[in-house]
Amino acid sequence: MDMISLALNLIMIGLIIFFSFSFVFLFKRNKKNKKIVDCITSFDDEKLLFSKLDEYLKTMSDPEFYMKGKVLQLWGSVFYKHDKEILPILQEVNCFPLVDNKGPFKRDTAQLNEDSLYYLCLACVNALYGRNDEFKLEKFKEKLNENEAYLKNLLAYHISKHAFQLYENQGDLGEQFFIDVLDGDYQGYKYAKQLIGMYKDLCQAYLVKIYSIQNRKEDFDLMKEDVQRFYDTKLGKRYLTELKVNMNWLNNNDEVIQIESNQNKED
């Protein structure tokens, strides 16, 4: 009986130590997270954003949170068209700190940092595609390929990988993959559950780009209401505009969209 009591006491002591350590770890993480969130909430103010990011990057020593700041700086530079700064910042990006599992619970760090992975894999490249900046787009593709070992299990990375098929007019333009995601067939990929709705919206945006190019109005009409809902959001309007989707069909225009013969080359 004494041995059982001793064993139970040792287990309780171990749990107390474990959870105490966990509390300290999570407290420190939340404190650092507030600093990057403060930068993100300043995104609409260009001058304030970069001022806060400069200070953040000077004082942040944690590799994971430093890289979160660096990726946000990259996205800000793309968004605000600081063209001379984009590639030098991209050179500094390393995805390992964003996906390295650590901490007492071995939490999936990639899912905790999915905002950064979205900026890098999706937001930046789509913006560059919208500007026909093929050179920088290729550099981003190279960077993502360099980090494939760290990103290969992530849904955001695979959406980006198939988006490049669309950007470069390769294969089926990524169509089947985007359909699979909309159908819920993304088992085996890691993603933050609260972002799956956004990922489906993005896949739908890529599909309507394909349907627009190929004059497939019937396919477009099947998702017309969802496309309108997405277009009515800030993200949706920007994303569909960057994709250069012809939106005539959303406005009840039943005329067949005439796609210029050289559109793929321009895209």
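Modeller: A residue counts as buried under 20% relative accessible area, as exposed over 50% and as partly exposed in between, with a 1.4 Å probe and protein chains only; by that rule, 45% of the 267 residues of the protein chain are buried. This is a predicted model, in which local features need pLDDT of at least 70 and side-chain atom pairs count only at pLDDT 80 or more, while totals for chains, interfaces and linings use all residues. Residues are numbered from 1 along each chain as its sequence is written, and side-chain values use heavy atoms, with hydrogens and water left out.

The protein chain has 16 helices and zero strands, where helices (H or I, at least four residues) and strands (E, at least two) are DSSP runs numbered from the N terminus.

Because 11 of its 13 residues are buried, α10 is largely enclosed by the rest of the structure. Among these buried residues are L155, Y157, H158, F164 and Y167. The buried residues of α10 pack against α7 (114-130), α8 (134-146), α9 (148-151), α11 (175-182) and α12 (196-213), a contact being heavy atoms within 4.5 Å. After α10 comes N169, which has a positive phi, near 60 degrees.
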